[in-house]
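Q: Let's read charge pairs and charge patches in a model. Show me the case as we go.

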Amino acid sequence: MTADHRLAPSSRTEPRTEPRTEPRTGPRTDPRGGSPAVPASASVPTDADAPAPARRRTAYGKETWGEIAFLLLDLPAAVVGFVYAVTTVAVGAALSVTVIGLPLLAAGLAGARGIGRSERARARWLLGVDVAEPSRLPRAGGALPWLWARLKDPVAWRTQLYGLIRLPWGVVAFSVTLVSLVALWPVLPFIARGLAAADRSMVRGLLSPSDELERRIAELESDRGVVVDTAAADLRRIERDLHDGAQARLVALAMGLGLAKEKLHEDPEAAAAMVAEAHGEVKLALQELRDLARGIHPAVLTDRGLDAALSSLAGRCTVPVAVAVDLGERPAEAIEGIAYFTVSELLQNVSKHARARTASVEVWRTEDRLLLQVRDDGRGGARLDGSGTGLAGLAERLGAVDGLLVVDSPEGGPTTITAELPWRARPAA
């Protein structure tokens with residue numbers, strides 16, 4: 001799903017937000033009248049942090065000299081790219097009737113990616129053009145898959161085309177810039193700006209990732225790593241809790257029952273006391289196992305849904321929490337579980353850090369998105385890049401499932417945190 005299909009948080013609290021700038025999303029507006037959402041990887045700025053007005057560009061400022069340097073380097077860079085493209089394509093095509101022709105062509109295309117990377121870096125450094133890097137080719141398990149992946153690589157072929165058409169343009173750009181440096185000094189900034197605009201267009205058109213699908217693949221690869229890391233961390237936590245909690249208590253229980261068995265005939269009263277103590281240990285072990293099971297997936301969520309599960313969470317919070325769930329049907333189990341644990345972590349932050357008197361939780365659906373909003377009247381100042389709140393990790397986990405986290409927490413409060421998840425309906429039983 002692309003950004004244009006997502007919906008922003010509700011306008012119930014009118015959070016101050018800004019558009020997301022990453023490739024994954026774009027500005028979104030809630031039909032209820034809300035503001036565009038901010039990304040999970042950025043916090044909402046306060047009034048004091050509002051960006052200053054854009055600095056006016058001067059005739060011979062840093063940008064102009066960067067453009068002039070880029071244009072003067074166009075000719076040598078174009079010569080290198082042209083020679084490389086002609087040599088690799090011509091030699092590979094001419095020898096394609098032999099055994100080594102196609103491997104040579106594939107190797108040349110693989111090297112073209114390096115040339116494209118250097119040109120993107122040059123444009124980024126001198127022209128300020130921030131073109132995303134294409135995703136890496138998948139690892140091939142064998143010579144033939146490797147060869148086929150390189151031969152059909154659209155990024156490499158577009159880089160070769162860039163090298164071919166750059167030579168005539170590089171000659172023109174270099175010549176005009178050099179003459180302007182000597183004879184057309186007063187209008188040089190305007191000439192450089194016009195020529196650099198053409199360069200920017202070529203870089204964006206030929207050296208950018210293939211399309212939205214290419215960028216989406218790169219994002220999903222990153223998200224997959226987050227999911228794997230989160231799952232591994234959860235498994236380690238469960239193992240640690242079992243080893244240090246219930247397992248240790250059950251071992252002590254077994255030892256206590258063994259001692260009670262030995263004293264059963266010799267000292268019945270002491271054995272009875274030891275059995276009573278073991279009975280208490282059993283109750284504590286059962287409670288720890290229930291808590292651990294609730295941390296994996298609470299039974300109330302499975303049996304009764306989000307409304308009851310979130311009400312149970314609210315009852316364990318240190319401040320009064322009002323819960324409002326407005327859902328006509330239950331979402332898929334995975335989405336429901338993520339929503340539950342998101343609210344759980346946010347309410348833990350309220351208990352530990354907010355110093356609030358009251359809090360509220362709202363859950364509703366807007367078309368194909370599930371919205372969760374946790375609000376408190378505490379001291380504020382929560383940030384995604386702050387320490388101690390765990391919001392950055394929560395934002396990463398939400399991003400891994402195509403979700404979003406919005407933080408509106410000015411100093412002094414109140415704090416409003418909105419989480420957005422994709423809606424998937426629960427399959428019919």
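Q: Is Glu67 buried or exposed?
A: Burial is read from relative accessible area: buried is under 20%, exposed is over 50%, and partly exposed lies in between (1.4 Å probe, protein chains only). Glu67 is at 0% relative accessibility, so Glu67 counts as buried. This is a predicted model, where local features need pLDDT of at least 70, side-chain atom pairs count only at pLDDT 80 or more, and totals for chains, interfaces and linings use all residues. Residues are numbered from 1 along each chain as its sequence is written, and side-chain values use heavy atoms, with hydrogens and water left out.

Q: Which side chain does Glu67 meet in a salt bridge?
A: Side chains of opposite charge can pair when their charged atoms come close. The rule for a salt bridge is a side-chain nitrogen of Lys or Arg within 4 Å of a carboxyl oxygen of Asp or Glu. Here the partner is Arg200, at 2.9 Å from N to O. The pair links distant parts of the chain, 133 residues apart: Glu67 is in helix H1 (residues 62–94) and Arg200 in helix H5 (residues 188–207). Helices are DSSP runs of H or I with at least four residues, strands are runs of E with at least two, and both are numbered from the N terminus. Arg200 is buried, because its relative accessible area is 17%.

Q: How many salt bridges does the rule give?
A: The count comes to 13. Among the residues involved, Asp74, Glu119, Arg122, Arg166 and Asp199 are linked in a network.

Q: Where do Asp153 and Arg113 lie?
A: Start with the contact: their closest N and O atoms are 2.6 Å apart, in a salt bridge. Asp153 sits in the loop between helix H3 (143–151) and helix H4 (154–183), while Arg113 is in helix H2 (residues 101–126), 40 residues apart. Both Asp153 and Arg113 are buried.

Q: What is the relative accessible area of Arg357?
A: It is 63%, so Arg357 is exposed. Arg357 forms a salt bridge with Asp377 at 3.8 Å, N to O. Asp377 is partly exposed, because its relative accessible area is 27%.

Q: Which residues gather in a patch of negative charge?
A: Asp and Glu count as negative, Lys and Arg as positive; His and the chain ends are not counted. A patch takes residues with over 30% relative accessible area and no salt bridge, joining like charges within 9 Å. Here, Glu262, Glu266, Asp267 and Glu269 gather on the surface. Glu262 lies in helix H6 (residues 212–263). At 58% relative accessibility, Glu262 is exposed.

Terms used:
Patch = residues over 30% accessible without salt bridge, like charges linked within 9 Å, V, L, I, M, F, W, Y side chains within 5 Å. Areas by Shrake-Rupley, 256 points an atom, 1.4 Å probe, with all protein chains shown as cover. Charge placed at Lys NZ, Arg CZ, Asp CG, Glu CD.
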